[in-house]
Amino acid sequence: MSQRLLTKSRFKIAMDCPNKLFYTKKKEYSNTQLEDPFLQALAQGGFQVEELARMEYPNGILIEGNDWNYDSLAVQTQELLQKENVVIFEAAFKFESLFIRTDILVKRGDQIQLIEVKAKSFDPADENLLVGSRGGLVSGWKPYLFDVAFQRYVIQQCHPGWKIKSYLMLADKSATSPVEGLNQMFRIRKNADNRTGISRTIDSLEEIGGKSVLGRVAVDDILNDIESGKYACYDNLSFLESIKVFSEYYVADKFFNAPVSWNCKGCEFHATTEEEAEGKKSGYKECWSGQMGYSEKEFTTANSFGIWNFRRGNKLFEEGKFFLQDLDEDDIGVKPEVGKISSSERQWIQVEKIRSSDPEPFILKEELKQEMNSWKFPLNFIDFETSATALPFNKGRRPYEQVAFQFSHHTVDEQGVVKHESEYINFEPGVFPNFEFVRELKKALSKNTGSIFMYAPHENTILNAVFQQLKDSDEPDKKELQGFIQKISRSTKSSPDSWNGERKMIDLCIVVKNYYYNSLMGGSNSIKAVLPAILNSSEYLQLKYSRSITEIGLSSKNFNPAHIWLVNENNKVLSPYKMLPPLFEDWTDEQLDATVSGMEDIADGGAALTAYGKLQYTDMQEEERLAIKQSLLKYCELDTLAMVMIYEYFRQVCD
């Protein structure tokens, strides 16, 4: 049996909740945090950043192999550290029951540089990057800073005489790529020889002009404050106390029994009913049944975790109000608004509908009808698929710039005729598609003057980003393209320019929020929650879409004319999204979305984003590339057809 050691990853898990130390790495427990490094590399590009960082140290020595033999790795490291000067990648240090590996360790005598590489970006001009204006750690950076503090602590215990300087190495938003296809130079391969699965097509930074898009941020002052106890690690435990306590519990494989709280809402050890039927254990249930005495009855009783956008939940939980049956209007703080469902009203409607098992949707029909009467035919429904990678695709581009590689476009005329009007996709490796993307979108939307719809503000955000990219470009038609963008969008708060387009896109998600609620949506307004809720509530849509595409009279650019959108299983209409073949075996869209949720400016679409990454910098057969392309086209077409279905439902109930 391998020795149980508190690693830096386990330390970070314990910071979130020490109870998770007991469940982690135990196969009998369900865990939604999938750990396929290949797909994580595709989604996040983190391994590519690490490889680029290593190129700044051409004489660095990589310690690899025997990844779970901690003693062997530590011995290899100590042998290399006998040298006066050395750079080590993945250096390993073991102290008592603690174990860490560093991204980059630079040794010059007793002068040490500890460098932690992250696929996150920073602006060198941001004075409050890590510590906020009020003196607290910026929440998004806290786990990374405690991670480096943990590494420094272990190294210092192993080598008390060393003088250590610590850094985060990050993508520099002010830097631009010196070459075309920078991320193409770091290929992801499942069977690569090295630990990361990355193979390089270049050997040195000199081959790309000696420049990088990475920068370093010194963090020792913050680490000193962490060690001194200025910033709490977990609850009332200081950093040093946490290390001692966490390691004791983990080594003994002992349950910490930290109190359950509102933070349990996102616990990754929460098994689904299906997983439990397959024999998987639920760490979440074990915690709550042990501390709260819950039986299966409580676990099947609706609680406030599911209430949409419920910011009062934590306070009410502390007051002992957790189940929907215990809440009243004062707990929600209901404040009506004229002409639409306010946020608090929506929360209260959800509570009432769910606890009374009322399946009837709540609709402000007159207000919705008035809204719809302002729309101009033919209606245009669009959806974008986008990516944002740490290493830019093209020369002159910056880290994490938005890349728009695909759109789908449906139209509906006044007679209700639905057409899959147009689509665009560019997945060629190394090609920056944004300007051609906007040209094709302009061509598609300029064929009529009807209203344009998006679902959530993503499309508006992307067009704002492309507007700024055009401003810095030499495109001959950039003024024309910028004018088109300004016509169909509105400027964001962060935009240096201001506009409010006469034909700006209408957010169908806001229409849903303002006028409609269905208990089958639970606490979600995402299109993947709204669509099946509406389909299960509408006989009209069920009758229409349970027939083939040909019978309905639809047009489709990617589906067989015999394709049927709706399938009924156990008296429940399955979501059409469930009928699509998965882009990645054993990964659901929800899991892929969760995997990329830490990426900058990415809120959804994990499957499409990951697929695009695979097409960009993974070696594969042309047959596989075309199969992924076809899946992407189907995925995006369904997104705009889903918007059409929602519109058709609203039109039917209002008429």
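Biologist: Which residues do ring pairs link into a cluster?
Modeller: The cluster is made of Trp262, Tyr284, Trp288, Tyr294, Phe299, Phe305, Phe310, Phe317, Phe322 and Phe323. Do keep in mind that this is a predicted model.

Biologist: Noted! And how many aromatic pairs does the structure hold?
Modeller: There are 45 aromatic pairs in the structure. One of them joins Phe407 and Tyr424.

Biologist: How are the rings of Phe407 and Tyr424 arranged, stacked or edge-to-face?
Modeller: They are stacked, with 20 degrees between the planes and 5.9 Å from centre to centre. The angle is under 30 degrees, so the pair falls in the stacked class.

Biologist: Nice. Which parts does that pair tie together?
Modeller: Phe407 belongs to strand E14, residues 402–412, while Tyr424 belongs to strand E15, residues 418–425. The pair therefore ties together parts that are 17 residues apart in sequence.

Biologist: Are Phe407 and Tyr424 buried or exposed?
Modeller: Phe407 is buried, and Tyr424 is buried too.

Biologist: Let's switch to charges over rings. What sits over the ring of Trp141?
Modeller: That would be the charged end of Lys120, 4.8 Å from the ring centre. Arg397 also lies over a ring face, that of Phe432, and is 4.6 Å from the ring centre.

Biologist: Okay, cavities next. How many of 30 Å³ or more are there?
Modeller: The structure holds 2 of them, and the largest cavity has a volume of about 50 Å³.

Biologist: Which residues line the largest cavity?
Modeller: Arg397 and Phe432 turn up again here, as both are in the lining.

Biologist: Last topic: how many disulfides does the structure hold?
Modeller: The count is 0. Cys233, for instance, has its nearest cysteine sulfur 12 Å away, on Cys17.

Biologist: Why does Cys233 count as buried?
Modeller: Because its relative accessibility is 4%, and buried means under 20%.

Biologist: Great, thanks for the tour!

Methods:
Residues numbered from 1 in each chain as written. Predicted model: local features only at pLDDT ≥ 70, side-chain atom pairs only at ≥ 80, totals over all residues. Heavy atoms only, no water. 1 Å grid on protein atoms, 1.4 Å probe; cavity = no way out; pocket = protein on both sides within 12 Å on 5 of 7 lines; lining within 4 Å. Points joined across faces, edges and corners; volume = space filled by probe spheres on them. Disulfide = S-S within 2.5 Å. Buried < 20%, exposed > 50% of the residue type's maximum accessible area, 1.4 Å probe, protein only. Phe/Tyr/Trp six-rings, centres within 6.5 Å; stacked < 30°, edge-to-face > 60°. Helix = DSSP H or I, 4+ residues; strand = E, 2+ residues; numbered from the N terminus. Lys NZ or Arg CZ within 6 Å of the ring centre and 35° of its normal.
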